[in-house]
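Have a look at the model below and turn it around a few times. Then we can walk through it piece by piece.

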Amino acid sequence: MKQHRAMYLDISSSLSGVVVLLLFCYVAKRAFTSTQRYSSIPKVTPRLPIIGNAQSLDLGRCHMVLAEWVKHFGPVFRIKIFMDEILVLNSYESIHDALVKKDMAFAGRPPRFRTSKSDRDKHSIVWQTYTPKLQFLRREIIQSLKIYGGGRESLEQACAPELNKMLERLQQEATAGTAFDPVDIIYDAVCNVILRLTLNSSFEHSDKVFQLIRSMNHLFNDTFGTGKGQNIESIPFLCELGFTSFSKRLDYAMKMRDRFWDQQKIQLEQNGSKESAIGKLLSLISTDNGEKYDITEQTAKEVFTNLLLAGTDTTTTALTCLLLVFLHYPEVQEKMRSEQCHSSGKQCSTGSEKGHMPYTEAVLIELLRFISHVPLAVPHYTTCDTSVMDIPVPKDMTVYVNLWAANHDSKHWPDPWTFNPSRFLDKEGNLLPPGHPIRRRVIAFGAGRRVCLGEALAKHRLFLFASALVKNFRFKPSDEDASAKCLPPVDPRTYEMGIVLHPQRFKLKVESV
Ligand code: HEM
């Protein structure tokens, strides 16, 4: 018996020895291959064993830490987070070289735990890598949102009732005369525009549906955003084992989205609406193209989620930041108002008047540069062996595109942390033409094959909303903030990260003009 036990112990200790040896060989081989594959790309040091640079990256402000590292490692470098080697592009030149000149090579999306779990990477636009299906979906959505060409009028029609509802609610606040938080008022109006474009439906602002959408938005921010939610990409097995509450939140976010989708689908079927972007997508399911590109209800649901979240949070945050800018720089809102009223009186401005409002346009361009509220874009992935700024880059490498660093690079932007619309005006006060190097260097929407699909829509809607706000109201700090001189900061370095970067909530007062 004793002999058996000894033999058993002997075998098991030899086996553990072999396992440890194999593990060591695997890690050593990976480290060696990785050193070879990525050796030409400068790396951020020091790196700790196993976790690499993870300990120095505060994920809530990752874009800022990466921008700081440019001083030591140059604009193109690689970082390691656990097993992942990630290429980081931090300058306009490197981003343009990769996303525009080598567009196909940098058009992929990395495989991710969070998006593969629910097949989001097979059906959505945002998370799918560069496939024929993705290209088809992008074309279809751009076409049916009519964002290019003759799309201005249809967007103005979709915005008009929502602008009126928003102005009514602001008027109530003006009459009440008390300080209030403007985010929900803006959110509901912006969200309704997206619901009109995607589902051909809209809701009263008092409808409980907005609470559901906001909570869903909040959960997706928390779980799919590029902020702290990223942790899980480095240690997905913990989530898989259900050790973290993150796993539960992820499941809950998806369930909430499914519940919302089921309600909207019934509505869509009842309206029989093929006018809307998502109605059109659903009608493709049983067509040749639908079969060729595997368009299913899941596809429609994912694309709807993309448009709803990408199209609401981004613009709401931009408009909220604009109000904060107005509180900090009252002269900006006065100048904008005088230009707006001079051009089209009290009526809502239209896109055709844009050309006569250089100052308003300059404010909105500066806003997008200054806040850079999608600071790391969406991670890209190399689809073949390629290079950036003559540095060889291997296939299948995750790429972070640091738009934040490029938009605040002091080499191109004097006083990058000062809000200064005059950067985009010539001496006579005319807007610099779109091809001018200064305007081209603002990259708030990414570039190339994966450029924001809603860029044109977003810019035009921002103009319509900003014009309506400033024409009808004057925005002022709350009495408490004014007397204590403690306005929430406008500096985007103080903002918090989710799907987009957003300022702390704040209150303000409005008066009719
Ligand atoms: C101020 C407003 C907005 C900003 C700053 C913004 C910015 C961005 C950025 C930086 C990306 C990532 C690009 C990349 O991966 O390189 C993106 C992607 C995307 N955006 Fe926007 N966006 C805005 C509004 C919108 C709107 C209104 C919509 C839709 C109605 C939209 C839909 C999308 C979609 C679908 C993608 C994914 C594209 C793809 O992966 O191929 N965005 N956006």
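Here is a short tour, from the whole chain down to single residues.

Keep in mind that this is a predicted model. The chain contains 21 helices and ten strands. Of its 513 residues, 41% count as buried. If you take contacts between residues at least 6 apart in sequence, 75% of them join residues at least 24 apart.

Let's begin with an open sheet of four strands, which follow the order 1-2-6-3 with mixed pairing. The edges belong to strand 1 (76–81) and strand 3 (380–381); each has a single partner strand, so one side of each lacks a neighbour in the sheet. As a reminder, strands of a sheet pair through backbone hydrogen bonds, either parallel or antiparallel.

How do strand 1 and strand 2 pair? They go the antiparallel way, over six bridges. Helix 3 (residues 92–101) packs on this sheet and touches strand 1, strand 2 and strand 6 (398–401). The direction of helix 3 makes about 110° with that of strand 2. Between strand 1 and strand 2 the hairpin has two residues, and there Phe82 takes a positive phi near 50°. Strand 1 is mostly covered, with five of its six residues buried.

| Residue | Bridge partner | Strand of the partner |
|---|---|---|
| Ile81 | Asp84 | strand 2 |
| Lys80 | Glu85 | strand 2 |
| Arg474 | Glu511 | strand 10 |

Now zoom in on Tyr400, which lies in strand 6. Is Tyr400 buried or exposed? It has 23 C-beta neighbours inside 10 Å, and a residue needs 20 or more to be called buried, so Tyr400 counts as buried. Leaving out residues up to four places away in sequence, Tyr400 touches Leu66, Ile86, Val88, Leu376 and Pro379. Thr175, on the other hand, is 225 residues from Tyr400 in sequence and 47 Å from it in space, C-alpha to C-alpha.

**A covered helix**

Next comes helix 17 (residues 358–371), with 14 residues. From its first C-alpha to its last, helix 17 reaches 20 Å, close to the 20 Å expected at 1.5 Å a residue. How many residues of helix 17 are buried? Twelve of the 14 are, which makes this helix mostly covered. Among them are Thr360, Glu361, Leu364, Arg369 and Phe370. An α-helix has 3.6 residues a turn, so residues three or four places apart point the same way. Just after helix 17, Ser372 takes a positive phi of about 35°.

**Around the ligand**

Finally, look at the ligand. Which of the 24 residues around the ligand come nearest? They are Gly311, Thr314, Gly446, Cys452 and Gly454. Helix 15 (297–328) and helix 20 (455–472) each supply at least two residues of the shell. Helix 15 gives the most, with seven residues. Sorted by class, the shell has 16 nonpolar, six polar and two charged residues.

Notes. Residues numbered from 1 in each chain as written. Predicted model: local features only at pLDDT ≥ 70, side-chain atom pairs only at ≥ 80, totals over all residues. Expected span 1.5 Å × (residues − 1). Pairing = 2+ DSSP bridges. Contact = placed C-beta atoms within 7 Å. Axes fitted to C-alpha atoms, helices over the stretch in contact; angles between N-to-C directions. Near = placed C-beta within 6 Å. Nonpolar A, V, L, I, M, F, W, Y, C, P; charged D, E, K, R; others polar.
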